[in-house]
Amino acid sequence: MTQAINSKPKFAGLFSNWKNWLGVLPFFLFAFLFLLLPSLRLFVGSFTDANGDFTLDNIFQLFTQKAILDAYWLSIRISAVTALGGGVFGFLLAYSVTVGGLPKPLRSMLVTFSGVASNFAGVPLAFAFVATLGRTGLITAVMKEFFGVNIYKTGFNLYSFTGLSLTYMYFQFPLMMLIMAPALDGLKKEWREAAENLGATAAQYWIRVAFPVLLPPLLGTMILLFGNAFGAYATAYALTGGSLPIVTIQIGAQIRGDVLHNPGLGYAMAMGMVFIMAISLAGYTSLQKLSERWLR
Amino acid sequence: MMSRLRKFPFWSWVWFILGAVYFLLPLYSTLDFSLSMERDKISLLAYQKAFEDKEFLATFGYSTLLAVMTIIASIVLIVPTAYWIRLRLPEARRITEFITLMPFVIPAIILVFGMIRIYSSPMSIPFTDIDLIKPLTMTKFGTNVLIVAGYMVLAMPYMYRSVDTGMRTVDVRTLTEAAQSLGANWFTIITRVILPNIRSALLSGALLTFAIVVGEVIFASFLGVKAFGPYLFLLGQHRAYEPAALSFVSFLMTWAAMGLIQLFTGGQGQTAGAH
């Protein structure tokens, strides 16, 4: 009885609500057509063989074909190195302009510049690094002329793992700096004073108080940087012309013309990437929530 | 006690200067290179040549047009949605926010992959051979629709967030009730009341979208349109000085866009990117 009484207004509420949902229909339709449907197509394709039948073979090959494993491994290494390097350096920069004691105007300068640099990517960024560290680049020339060192003879190469990592860092550490500066602002003065009153040294304060509080946003943002580098295509393509086979470059080649000789495997490779990106975004958001407990 | 009497922040300066060098060196190198087209003197010849190229004008104009279309279409799609969710449908907030985060999970290269596979075959009525629409990738108009849709997806996280933040600062409900009591219809409310009230948020979203779209390479090259990104890439294959000049100009444009955003929002820089 009670159930019947309760369900009546609930049902009416749902019905009037149903009309309200019409207002967001265009947005959902757009998301369905241009976000969900394309992803779904790749998802279904990765479980389909040449005859259109269901198969797990593509997923299996993802873990057994050497070229594919190498591509993933290379992408993961580049992303990890630039996330770590960009993370540490970005943090030090954020530190220096927040609690580090540098004059205030430097901070707004750095924030503006980081905003620009984290958005300055793709072809122009690659060209800028060619002009800097390429075979005829400025630093290359200066090193040769003034120090007598040909950096390309010492094993350095811009069109390689090291070179691409250095280039990625240009948009990685500004992003870190932009996210970490507000987090460092969240460190309360009282914590430091309390620590000092209890006789803690500066090192003890940093290791036992500040660092544990900062750890979640630090890790979270580094995971974000990892995803940021993992999904990058244009910069790598413009810099190396496709000679460094990271995952995105391989997928690009697969779109241009079935280089894997198996469309299903191409789809599976794409889904593997989405999987890694999803994990990194989930990691970022959950660590972000954790860090809100103390900061702000 | 020690920390009260702060000494000169030596390490802070070290990190800052190191960062500044990292930031500025590539820019300086690019500028230096772009100015050295003529032997032993500084000249703007590379800039002159780059701007005189008909292809440059055509591709840059086309990319600008795509950016404007993307911005308009995004505003038309997102503003009413965010407005409606705030006013009548708060239960749709979570799912909508989730959708706007999806572009972070699905990189542009994957999205274009799926789009090409879906829209390069004709759409037919299920179980028949009757085609409803020709493949979108086959016609010029269809390709333009696809590329603008793709750019809208890329810009969605930033556009949605800026619009939503803009609406949080104005009292949408009261404004709506006031407008309704004066007899305004929905269209009037959105265009004459809501839009003007969130214009700084719209501007910052629009500028960020512009910065993303104008140099974009992935959608443009895989959908085969003659936009600025692929043009700059090809120019880099067979020229030396002009690409450097255009790269430096791109940097200045990004700077202008970000500077304007800071001016309008007065806050932290936003960040996006099609890396």
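**View 1. Overall make-up of chain B in the predicted model.** Chain B has 12 helices and two strands, where helices (H or I, at least four residues) and strands (E, at least two) are DSSP runs numbered from the N terminus. From the N terminus on, the order of these elements is α-α-α-α-α-β-β-α-α-α-α-α-α-α. With a radius of gyration of 23 Å, well over the 19 Å that the globule rule gives for 275 residues, chain B is more spread out than a compact globule; the radius is taken over C-alpha atoms, and the rule is 2.2 Å times the number of residues to the power 0.38. Along the principal axes, the C-alpha atoms of chain B fill a box of roughly 70 × 65 × 35 Å. This is a predicted model, in which local features need pLDDT of at least 70 and side-chain atom pairs count only at pLDDT 80 or more, while totals for chains, interfaces and linings use all residues. Residues are numbered from 1 along each chain as its sequence is written, and chains are lettered from A and ligands numbered from 1 in the order in which they are written. Chain B averages a pLDDT (the predictor's confidence in each residue, from 0 to 100) of 88, and 91% of the residues score at least 70; the model scores ipTM 0.88 and pTM 0.89.

**View 2. The side of chain B that touches chain A.** In this view, 70 residues of chain B are in contact with 67 residues of chain A, two residues being in contact if their C-beta atoms, placed from the backbone, lie within 7 Å. The largest share of this side of chain B, 13 residues, comes from H1(B). By class, the side of chain B that touches chain A has 44 nonpolar, 22 polar and four charged residues; Ala, Val, Leu, Ile, Met, Phe, Trp, Tyr, Cys and Pro count as nonpolar, Asp, Glu, Lys and Arg as charged, and the others, Gly among them, as polar.

**View 3. Helix H11 of chain B and its cover.** Eight of the 11 residues of H11(B) are buried, so this helix is largely enclosed by the rest of the structure; a residue is buried if 20 or more other C-beta atoms lie within 10 Å of its own, exposed if 12 or fewer, and partly exposed in between, with C-beta atoms placed from the backbone. Among the buried residues of H11(B) are Phe228(B), Tyr231(B), Phe233(B) and Leu235(B). What covers the buried residues includes helix H6 (123-133) and helix H11 (234-240) of chain A, together with H3, helix H9 (199-214), H10 and H12 of chain B.

**View 4. Ala227(B) in the loop between H10 and H11 of chain B.** Ala227(B) is buried, with 28 other C-beta atoms within 10 Å. Leaving aside neighbours within four places in sequence, Ala227(B) is in contact with Thr59(B), Tyr62(B), Ser63(B), Leu66(B) and Ala220(B). Ala227(B) and Thr64(B), 163 residues apart in sequence, are 9.0 Å apart in space, C-alpha to C-alpha.

**View 5. Ser181(B) in helix H7 (residues 172-181) of chain B.** Ser181(B) counts as exposed, with 8 C-beta neighbours inside 10 Å. The C-alpha atoms of Ser181(B) and Ile147(B) are separated by 41 Å, although these residues are 34 residues apart along the chain.
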